[in-house]
Number of protein chains: 2
Amino acid sequence: MTMKRGPHFYPVILAGGRGTRFWPLSRRRRAKQLLALDGKHTMIQQTVSRLTALASPKNFWIISNGDLRSAIVRQLPKLPSKQILAEPAGRNTAPAIGLAAYLLLRHDPDAVLGLFPSDHVIADEKTYQETLKIGIDIAAAGENIVVLGVRPTRPETGYGYIEVGAPAPSQSLRVRRFTEKPDADRAAEFLQAGNYLWNSGMFLWSARTLTHALEEHLSKTASLLAEIAAAFGTRKFDSSLKKLYPRCENISVDYAILEPRSAKGEAASNIFCVPADFGWNDLGSWTALYEHHSAKKPTPGANLVLAEKSFALNATGNYVHAPGKFVATVGVTGLVVVETDDALLITTLEHAQDVGKVVKYLDENNLDKLT
Amino acid sequence: MTMKRGPHFYPVILAGGRGTRFWPLSRRRRAKQLLALDGKHTMIQQTVSRLTALASPKNFWIISNGDLRSAIVRQLPKLPSKQILAEPAGRNTAPAIGLAAYLLLRHDPDAVLGLFPSDHVIADEKTYQETLKIGIDIAAAGENIVVLGVRPTRPETGYGYIEVGAPAPSQSLRVRRFTEKPDADRAAEFLQAGNYLWNSGMFLWSARTLTHALEEHLSKTASLLAEIAAAFGTRKFDSSLKKLYPRCENISVDYAILEPRSAKGEAASNIFCVPADFGWNDLGSWTALYEHHSAKKPTPGANLVLAEKSFALNATGNYVHAPGKFVATVGVTGLVVVETDDALLITTLEHAQDVGKVVKYLDENNLDKLT
């Protein structure tokens with residue numbers, strides 16, 4: 001508790017995603033962040049747990065949706081349930097974090113918000129907390145925007161990148177530019193160049209800075225959010241949220257604020273990147289989960305079988321999830337097989353990124369029980 | 001019914017095998033012959049059904065074991081249940097068919113026995129029946145032994161072969177020699193030579209011929225079987241079977257009688273082969289089952305998925321059995337995946353022959369619930 005940053009730090013956790021790549025385990029009402037993919041606690045429980053060293057439970061806000069809200073309330077009984085919000089319609093990250101900023105500004109003019117995804121893994125929690133402390137202090141010191149940038153370890157094409165420039169106080173770096181997901185050649189260049197970091201999706205800024213930025217870059221949405229926030233705590237809040245939120249622009253915070261702001265030049269934009277080195281993993285697919293777990297094993301390319309019992313005969317490097325069953329793997333390698341009460345997924349570590357397309361098929365064919 | 005061979009033909013069906021290569025569907029108490037692997041009737045029901053054109057239900061005898069007998073009685077309600085016998089201990093084919101011969105000889109001195117496996121597929125039942133009629137007539141005509149030989153279509157190493165010689169009456173051929181399962185080179189030679197046929201395991205001979213052969217080649221076992229048969233219909237039968245049958249030699253009819261008999265030379269041995277050309281398939285593994293079903297499909301290399309519903313994305317040539325589930329296959333080929341209430345098998349069409357080793361592992365580790 002010695003690490004607590006005092007009463008002004010407010011974690012805002014985005015938990016509205018579906019995580020369709022973890023189908024058939026992930027479902028509309030049991031999204032990836034509600035699954036215990038790494039250990040016995042769910043991803044969102046772990047997210048909250050590692051932030052409680054920096055903020056008291058009453059400071060947490062969660063933005064989710066109507067399908068997931070009640071499960072989240074059950075999974076996080078220590079958090080104030082009125083601060084677990086359900087978007088009436090998905091509007092991407094800018095309105096979500098913006099709403100939190102207006103709500104907090106009314107409550108605490110000195111509020112510093114941290115924006116956190118709810119479904120990532122952090123190996124080294126102590127370093128994570130130390131890194132956040134640095135970011136919180138920079139965010140609290142003025143009209144600054146702080147992004148945590150992860151040092152790339154491979155030419156990943158699935159993430160956005162942050163190009164960094166001049167060193168700035170507190171081990172941070174000025175941000176020169178945000179880039180979209182690159183192609184393979186560009187990703188290799190970024191890795192080679194050394195001054196590109198992965199955009200972790202974790203941001204820190206004061207409520208004041210964020211509301212100013214919204215008013216500058218997204219003024220109509222800013223007004224709608226301010227109006228919703230003004231109704232918080234009254235009987236009109238739910239109807240106000242339901243009526244006004246869907247009218248907000250459907251846009252990411254990166255695209256709405258960070259990219260235009262960084263276009264001002266690294267000195268004028270006041271965007272800082274704190275390099276993060278705490279074993280970050282976004283567990284983007286069954287393959288990432290396999291690699292995450294197999295890295296902990298003494299033998300590389302192990303068979304990872306979550307089952308009642310199992311037997312492998314000339315079978316290695318497979319990920320099998322079939323709790324309660326006896327699983328036999330014979331002469332297979334590189335497979336991903338996931339079984340639930342109503343579904344069976346059979347794919348490979350190489351093709352697991354396409355699992356979202358199965359959910360797309362189910363959506364298009366109205367097979368709602370399976371999504 | 002015009003094809004009936006009169007009252008003297010008695011089909012004897014061997015149904016004591018486990019069919020472990022169809023695990024996890026096949027179990028000790030639900031062996032391969034009790035499964036509906038091809039259509040809605042089980043393998044043993046199909047075996048009986050295609051023979052009822054040649055013999056009345058009261059002429060059937062089935063030799064099985066204590067694990068399977070009651071299920072067989074349930075599956076074949078028209079057969080006299082006292083003719084569905086359970087071996088107290090597995091003693092291979094010679095004692096099983098020998099017991100039937102002694103039982104029938106007491107009942108009908110002119111009995112002709114047909115020995116039939118209970119778990120094979122026959123595509124052309126009419127030709128099958130015509131072929132058997134030829135064999136029955138040869139068997140009834142004297143001290144003759146008739147074997148149905150299947151024309152080989154590939155250099156199969158999993159079957160025994162019959163080397164045939166001089167033509168004999170009724171489209172049959174003299175048998176020169178029975179050979180054990182060959183290696184790949186020998187199997188290729190056999191296929192090339194043209195005078196080798198697969199041993200189908202289907203034999204025809206009179207009860208008299210068979211008992212004589214047993215007395216000549218396996219005299220101690222013959223006495224034991226005669227003693228058991230003498231007790232049939234009395235209260236002593238069960239205890240006699242239980243006490244004496246396990247003392248019979250554990251040996252196949254091929255090894256005990258056919259090989260030594262054929263060593264006498266093709267003229268003296270009186271063994272005849274009737275070439276069989278009726279779409280025989282022993283469905284030896286999941287792979288054989290896949291090929292059997294996919295051959296009926298318009299598209300070669302189809303995905304065969306037995307499930308509630310399914311979706312394939314860049315996935316072909318897989319066999320999946322998961323009734324009641326939604327099955328998604330993504331980017332996989334040549335796999336065999338079979339799901340039951342308590343087990344999940346994941347293998348390939350190439351490795352499915354090794355599935356018996358899973359059952360061996362389960363046996364060795366006393367995982368009896370799974371076998």
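What rotation superposes chain A on chain B, and with how much shift along its axis?

1. **What you are looking at.** This is a predicted model, in which local features need pLDDT of at least 70, side-chain atom pairs count only at pLDDT 80 or more, and totals for chains, interfaces and linings use all residues. Residues are numbered from 1 along each chain as its sequence is written, while chains are lettered from A and ligands numbered from 1 in the order in which they are written.

2. **How the two chains are related.** A rotation of 180° with 0.1 Å of shift along its axis brings chain A onto chain B, with an RMSD of 0.0 Å; the superposition is by least squares on the C-alpha atoms of residues with pLDDT of at least 70 in both copies. The two copies are thus related as by a two-fold rotation axis. Both copies use the same surface, as 100% of the contact residues of chain A recur in chain B. Two residues count as in contact if their C-beta atoms, placed from the backbone, lie within 7 Å.

3. **The interface.** Chain A gives 30 residues to the contact and chain B gives 30 residues. On the side of chain A that touches chain B, the elements giving two or more residues are β12 (304–313), β13 (319–330), β14 (335–339), β15 (343–348) and α12 (355–364) of chain A. Helices (H or I, at least four residues) and strands (E, at least two) are DSSP runs, numbered from the N terminus. The most comes from β13(A), with eight residues. By class, this side of chain A has 19 nonpolar, five polar and six charged residues. In this count Ala, Val, Leu, Ile, Met, Phe, Trp, Tyr, Cys and Pro are nonpolar, Asp, Glu, Lys and Arg are charged, and the others, Gly among them, are polar.

4. β15(A) and strand β13 (residues 319–330) of chain B run parallel and are joined by four bridges; strands pair if DSSP finds at least two bridges between them. Look for A:L345, whose bridge partner in β13(B) is B:A328.

5. **Two domains in chain A.** The assignment gives domain 1 (6–281) and domain 2 (286–370), with bounds that come from an automatic or database domain assignment. Their centres, taken over C-alpha atoms, are 30 Å apart. Domain 1 of chain A gives 10 residues to the contact between them and domain 2 of chain A gives 14 residues. The domain 1 side consists of six nonpolar, two polar and two charged residues.

6. **A buried strand.** Why can β1 (residues 9–14) of chain A be called largely enclosed by the rest of the structure? Six of its six residues are buried, so the strand is largely enclosed. Buried means that 20 or more other C-beta atoms lie within 10 Å of a residue's own, exposed means 12 or fewer, and partly exposed is in between, with C-beta atoms placed from the backbone. A:F9, A:P11 and A:I13 point one way from β1(A), and A:Y10, A:V12 and A:L14 point the other way. In a regular strand the side chains alternate between the two faces of the sheet.

7. β1(A) pairs in the parallel sense with β4 (residues 112–117) of chain A over six bridges, where A:Y10 is partnered by A:L113. β1(A) also pairs in the parallel sense with β2 (residues 61–65) of chain A, over three bridges, and there A:L14 has A:I63 as its bridge partner.

8. **A hairpin to find.** Strands β7 (residues 161–168) and β8 (residues 172–179) of chain A run antiparallel and share six bridges, with A:I162 opposite A:F178. Three residues lie between the two strands of this hairpin, and A:S170 in the turn has a positive phi of about 55°. β7(A) also pairs in the antiparallel sense with β9 (residues 196–206) of chain A, over three bridges.

9. **A loop residue, A:E350.** This residue lies in the loop between β15 and α12 of chain A. A:E350 is partly exposed, with 14 other C-beta atoms within 10 Å. Leaving aside neighbours within four places in sequence, A:E350 is in contact with A:G334 and B:G331.
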